[in-house]
Amino acid sequence: MNSIRLVSVVPQVFAQQNNLDSEIWNQDIKFEKGQVYLIEADSGKGKSTFCSYIVGYRHDYAGKVLIDDQNALNFKVQDWVDLRQNHISHLFQELRLFPELTAFENVEIKNKLTNFKSEAQIKEWFDHLDIADKLDAKVGRMSFGQQQRVAMIRALVQPFEFLLADEPISHLDDSNSQLMGEILMEEAKAQGAGVILTSIGKHIALNYDKTLRL
Amino acid sequence: MSLVWKLLKQHINVAQFVGFFFANLFGMFIVLLGYQFYEDVMPVFTSQDSFMRNDYVILSKKIGMGSTVSGRSNAFTNDEIGDLKRQVFATKVGKFTSTEYKVDAHMGINGTEILNSELFFESIPDEFIDIPLKNWSYKPGAREVPIILPRSYIAMYNFGFAQSHSLPKISDGLVGMIDFNIYIHGNGHQQQFVGKVIGFSNRLSTIVVPQAFMDWSNAYFAPDGHSDPTRLILQVDNSADQLSTKYIDRKGYEVENDQLQTEKTTYFLRMMVSLVMFVGLIISLLSFYILMLSIYLLVQKNAEKLENLLLIGYSPGRVAAPYQWLTIGLNVGVLLIAWLALFFLRGYYMNIIETLFPEIDGGTMFPAIILGIGLFVLVSVFNIIAIRRKIISIWKRKE
């Protein structure tokens, strides 16, 4: 896939608001593969809602979400499964890790599905992000910042044309944010993918092609 | 152990699954047992008499207090027989002829004498005997006489005698082992015959010899004797069943027919087995309900994990699979144990049945195997669909 396009998309909860001042909602906007986007917004503007429309776990909107010019509303379950497995990687704001599994297992459970990365590569990332000592620690016992890094590694062990990172560094210090940005961009470049980051102010310093206000 | 299973086995309540397992085991076992038992026992009642067709009826006159005291004959007169022959329902009428002379018989099995008695023979016209004529023919004067024994003799022997004398039990296939020696004297003649046992009859409660032997021997050993037949055999046109019943009632005749008895017995047997199977099915149904509740509860408790798995790219089918395999595994376990238990129990009761009715063939566990597989597939398919739907509902909750 090459593009994600939102045509006059308005979340149903915002339908009554006439003064919707947004560069995404109720606009015609296209996200291209290979580009880096930053979406900024205050909380409550619908950042996570935006992400959930694109990966198809919410459909409560008016307008059209077009994935490669195909209306996402017509996607079948299997289409979404394929999209989530092979085309759009999503780093959830709420992380959605499994607290009963170790950090490594949390990544492995995804990698088993895609068989995309080697164990060595995964361990290298852990090392790089300074959480190598947490490989076998239960995720439930790790700090949120550490969990964010595990979640990012999990987001990278799949092929994708778009990486959707929802407030990826909210609990990270600057140096860790920088590290994360490097790994993320490196992987996105390697795959020729587009990157869409959301932020409520604090964001990774990257060369964004476009910054949008939600 | 797969990571998905490691995640999804969280919150599995072992007690609930053990409860399901045993409930389902009992249900399955009862259903299979009922069906298997029915299939095993039914032939005992429905096995047809190979010597007499089912539409043959044996008639006699009622022997009441009156006739015993007054000495009134219970034989059929020629008028009565003629009247019966004129009835539309009577397609064929035959007379029972008895011996007018004395018979001494010695019966032995495998050389061991088991019966030594004075008795009598009866015969019915050959057309009523349903075996090839070459086995049922007699040339006047010949030494060998074909005979048919009542099956009750054999039951008596198998149960009473064989057991206590450690002799082999006799079944239809082993009639050749019976030695039957016959001594007849009368009218100044004396002769020895050898009875050749053709088989056993459930419906003819008498020792039957060919009509040809009867006619010849009566003329030879007791030329002066004659008695009227006390029993008649007739073929009844089934379409005129009502008529025949009315006629027989009106005349005060008695139908010597265990067919009715058999029908009653099979009816009750069928009813009982149905009842037992029904109870088994109810138990199975309830256990299925327990399983579904457990699974639903499990899915509910693990809803968040399931949702997360779906969101990171697992398909509903793949997420449902561990629970589906879990239920299939339980179902397989239940089926195997139920079969095993049935195998042993069946061995026990078949032993009894075979002693009682040696002519019944051993049968197989096929009915239970087929029914078991059928139930297993049915229950498993329901399980699989129910779990799949539950997972899909989790997928859709975000919609």
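Predicted model: local features only at pLDDT ≥ 70, side-chain atom pairs only at ≥ 80, totals over all residues.

H9 (residues 303–311) and H11 (residues 366–396) of chain B pack at an angle of about 75°, and their axes are 10 Å apart. Axes here are lines fitted to C-alpha atoms, for helices over the stretch in contact, and angles run from 0 to 180 degrees between N-to-C directions. Helices (H or I, at least four residues) and strands (E, at least two) are DSSP runs, numbered from the N terminus.

So H9(B) is roughly perpendicular to H11(B); that term covers 65 to 115 degrees.

Which residues make the contact? From H9(B), they are Ala303(B), Leu306(B), Glu307(B) and Leu310(B). From H11(B), they are Ile391(B), Ile394(B) and Trp395(B). Contact means C-beta atoms, placed from the backbone, within 7 Å.

Now the sheet. In chain B, 5 strands form an open sheet, ordered S5-S4-S8-S9-S7, with mixed pairing. Two strands pair if DSSP finds at least two bridges between them. S5 (112–119) and S7 (144–150) of chain B are the edge strands, each pairing on one side only. From one strand to the next, the twist averages 30°.

Look at S8 (residues 178–186) and S9 (residues 189–201) of chain B: they run antiparallel, joined by 7 bridges. Gln190(B) in S9(B) is the bridge partner of His185(B).

Last, a helix on strands. H5 (residues 151–165) of chain B lies across S5, S7 and S9 of chain B, at about 85° to S7(B).

Some bookkeeping. Residues count from 1 along each chain as its sequence is written, and chains are lettered from A and ligands numbered from 1 in the order written. Local features need pLDDT of at least 70, side-chain atom pairs count only at pLDDT 80 or more, and totals for chains, interfaces and linings use all residues.

How values were computed. Parallel < 35°, antiparallel > 145°, perpendicular 65-115°, else oblique. Contact = placed C-beta atoms within 7 Å.
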